[in-house]
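Hello,

Here is the structure I promised to pass on. Please open it first, then read my notes below.

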Amino acid sequence: MRLIFYAILGFIIYYLVRGVTRGTSPSRRRSPNSHGTSETGKELKKDPVCGTYIPEDTPYHLSHKGQPYFFCSETCLKTFKQQIAQKKEK
Ligand SMILES: [Zn+2]
């Protein structure tokens, strides 16, 4: 009987750990076939300002010359906009 108890306990812990790691973006689960985004790296976009990789569903993004850009924070988004403005001046 003890083995069954430990098996169930391990199962619960496994689910808890899984729930914590998945809890980073609970509101965005509309695409069922895109699981483990951070493991494959396929759906991570590079922040052109600081080089951080962020998921595609970041609220900080803009399209420039038909290209989508993704940012880790509003600060990087603003920096990028300033960089575009500076390039236009030259
Ligand atoms: Zn950034």
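Start with Tyr 69. Leaving aside residues up to four places away in sequence, Tyr 69 touches Pro 48, His 61, Leu 62, His 64 and Phe 80. Keep in mind that this is a predicted model.

Now look at the strands. Strand 3 covers residues 61-64, and strand 4 covers residues 67-70. They pair in the antiparallel sense, over 4 bridges. Leu 62 has Tyr 69 in strand 4 as its bridge partner. His 61 is bridged to Phe 70, also in strand 4.

Next, the core. Which residues make up the largest nonpolar core? There are 5 in all: Tyr 69, Phe 70, Phe 71, Cys 76 and Leu 77. Strand 4 and helix 3 (74-89) are the elements that each give two or more residues to this core.

Last, the turn. Strand 3 and strand 4 form a hairpin with 2 residues between the strands. Lys 65 is in that loop. Its phi is positive, about 55°, although Lys 65 is not a glycine. Most residues other than glycine have a negative phi.

Is Lys 65 buried or exposed? Lys 65 has 6 C-beta neighbours inside 10 Å. A residue with 12 or fewer is exposed, so Lys 65 counts as exposed.

Best wishes

Terms used:
Residues are numbered from 1 along each chain as its sequence is written. This is a predicted model: local features need pLDDT of at least 70, side-chain atom pairs count only at pLDDT 80 or more; totals for chains, interfaces and linings use all residues. Two strands pair if DSSP finds at least two bridges between them. A nonpolar core is a set of buried Ala, Val, Leu, Ile, Met, Phe, Trp, Tyr and Cys residues joined through C-beta atoms within 7 Å. A residue is buried if 20 or more other C-beta atoms lie within 10 Å of its own, exposed if 12 or fewer, and partly exposed in between; C-beta atoms are placed from the backbone. Two residues are in contact if their C-beta atoms, placed from the backbone, lie within 7 Å.
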